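This briefing is for a reader new to the structure.

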Amino acid sequence: MDLLRNCRYSVASYGPGAAYAAWLLRSFGASVRHVSALDPEGLGAFLAEGGESDDAPPLRPTPGETFITDAPVTAANRRVLESAALAGRVIWITPWGLDSSWAERPASDLTLYAASGWMYSVGDPGRPPLAPPGAQCRFIAGQFATIAAVEHAAKGAAPSPGLVDVPVIEALVATLIYDPVAFQYFGRPRGRAGNRLNANQPLIATLACQDGFIGLHTALHRQWVALAELIGHPEIVKDARFETIAARSGNIPALDEGYLLPWLASRTRWQAYHELQRHRIPASGHPDMAEVLSSPQLEARKSWHTVTTPGGRSFQVPGEPARIPAEAGPGQRDNATGPWRAGALRVVDLSMGWAGPFVGMNLAAMGADVIKVESHTHFDWWRGSRPPGDGDGGDLHERSHVFNSVNRGKRGITLDLTHPRGREIALDLIASADVVIENFAAGVIEKLGLTYAAVSVSNPSLIMLRQPGFGSDGPESGYVVFGNTIEGMSGLSSLIGYEGGPPTMLSNACGDPVSGLGGTLAVLAALEARSHDGKGRVIECAQLEGFLPMVSEALIAYQQTGQQPRRQADRRPGHTPSGAFPLGDDRWLALEVETDEQWAALAKEIDGAWAHDPSLLPSSGREARRDAIEAATAAWVAATGEAATLSACDRAHVPASLVMSEGETLGLEPLLVSGFWQGIDREPVGYHLYPGIAFSSAGLRPLPGTAAPLLGEHTAEVLAAMGYDADARDGLAAAGVTGRVPVPA
């Protein structure tokens, strides 16, 4: 792929964040000079392929060339990078951001997860909250850094000089399922729900089957109906115990033991997975690393790339994160002003849920005019999925914290795309657009007659982003997904959990935001290419393929050792002690000793003879006695208390953090100082703080400028600008093509 062939970057990567940014840019065809500290016999063979190896990559930006690094935050590094930013764009991935007193605070992946809210709602009630086992936080920050590196394409301008700060803590909070917003809406923390995504989602669960566990992701009412029919009990849809989501949430044992578990007990993981998917019920077989590498879908798609290390080892690693199934042009779109804001990038957002709308919101934050198209009979399911007729009153479809978060900055219209007049209006709107975003299930865009072949006839410079779950071809291309499904099928769920326990899903449907960030980058890359060659393109970002780098550490480790990574709760191999330790009353403190020097310093802070045992100074000695050391550490943390433990860790330069709830994350100092939160007033829910885009420069960050649209809020405005007078608009409403009030299909 050569979409960024005219862009030049240099990267100095100390960890996976900047290295992943380099890999992404190179995957889209950019010229990248990359010097990396990653192990060339391990993760470096993947992310730094073709680059140079150096334990301390030099910070030598070239004037006029965008420079990306995740070098440690020190006064010396700050001076070098601030000076370089006077002549070029410098993107610095930092743990906590550059502007607060936390800037040089020690951080590890575990403590960043703890502080961000990622851990608080994962795991069993009463047991330690769980974090993912790898550097997923750095990869996600790398995605934001890459978007910052190509942001100029949204405005059709050259990259602007300046120092861009990409805090990992912001990247994590921006990819929660908006729990801090939910806390403001509902006034209560979410809590941990064991094998459920949360207490209010009884059918998004990890359940036992004949040979292990399967992920069931039945979020929508129609999927619940299909599930009841599949398991041979259609009558339970009308059973008072299960008729509503609230009723099902209060009767989970009866639902599991009476219906779901008996059906699953007669099937293997893969039998259940395929049977569920054939009935259009999202599910994951929770593959391990060997099964991911041998996936029939990924094999059919040729999704793997082979790298060879300097030592001669070969590994299968993720291939390109996007594909171009079709091109058009060069040619001109309909440049009529129509409904569009003058001078802005024109985006038609047909997508629903999180992954596609996240792309639209990111582009809106960069100045695009984004028109969201939904129907009053089939509105975006993130407004709420309820049985027909349930919730007609009370404006429930306007009170969704997730919809209201991810659709900021857009104008919203309603069109029934299954109606000939609705399709005609959509085609007229798309004819003058720059970008179309869609993430429908397989076959839907074809049924609607809005394929790229159809829409590019009148607009050959159009860019269409498609985000199929597993890709547009292959044996599982028709399968349906949510973010939890992608997370599970990538193998990540198989890595998370208590020792000896089942696989565990994260609480934020991580596949969605990762796909949204990948889609944003793909659109920007296509816009950059179009500025040189005038061509329109379909960009296909299969969500599973785009997520695979998140588990690349485990994939490579498996190929190195032949051993499946074990679930180990919050323990980090080689880092002893590490984990989440109880403070009482379901309060937890995460700490991670990464080096022998940190242990020696922490041992001086611990008032206990056990900590001063000389045999514990080398990490091997601590690893050999891990259980005893972590039990003693837990006792020390409990006796010392929250504030004193954090102070002791700070003096010892040991990464440590409270496991923050969503309410506490709202008040986290680095987020307040950097202006991360965006305050917006929206009817009928009022004023709340919403997460920003996770990068800023000189105190300024891309932000969507308006609240999420009400259902059909801008229909009249947009149709009038397209030439439809009042009588015509009334006729469309009378025919059911448009509408402001939800109506069952």
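The protein chain has a secondary structure of 31 helices and 24 strands; helices (H or I, at least four residues) and strands (E, at least two) are DSSP runs, numbered from the N terminus. This is a predicted model, in which local features need pLDDT of at least 70 and side-chain atom pairs count only at pLDDT 80 or more, while totals for chains, interfaces and linings use all residues. Residues are numbered from 1 along each chain as its sequence is written, and side-chain values use heavy atoms, with hydrogens and water left out.

**Overall shape**

- The C-alpha trace of the protein chain spans about 85 × 65 × 50 Å along its principal axes.
- Of the 745 residues in the protein chain, 60% are buried (under 20% relative accessible area, with a 1.4 Å probe and protein chains only).
- Among contacts (heavy atoms within 4.5 Å) with a separation of 6 or more, 73% join residues 24 or more positions apart.

**Helix H5 and its partners**

- Helix H1 (residues 16–27) packs on helix H5 (residues 136–150) at an angle of about 50°, and their axes are 7 Å apart; axes are lines fitted to C-alpha atoms, for helices over the stretch in contact, and angles run from 0 to 180 degrees between N-to-C directions.
- That angle makes H1 oblique to H5, where angles under 35 degrees count as roughly parallel, over 145 as roughly antiparallel, 65 to 115 as roughly perpendicular and the rest as oblique.
- On the H1 side the contact includes Pro 16, Tyr 20 and Leu 24, and on the H5 side it includes Phe 139, Gly 142 and Thr 146.
- Helix H4 (residues 109–116) also packs with H5, at an angle of about 75° and with axes 9 Å apart.
- H4 and H5 are therefore roughly perpendicular to each other.
- Asp 109, Leu 112 and Tyr 113 of H4 meet Gln 136, Cys 137 and Arg 138 of H5.

**Helices H14 and H21**

- Helix H14 (residues 355–365) and helix H21 (residues 511–533) pack at about 50°, with axes 8 Å apart.
- That makes H14 oblique to H21.
- Residues in this contact include Phe 358 and Val 359 in H14, and Leu 517 and Val 523 in H21.

Terms used:
Buried < 20%, exposed > 50% of the residue type's maximum accessible area, 1.4 Å probe, protein only.
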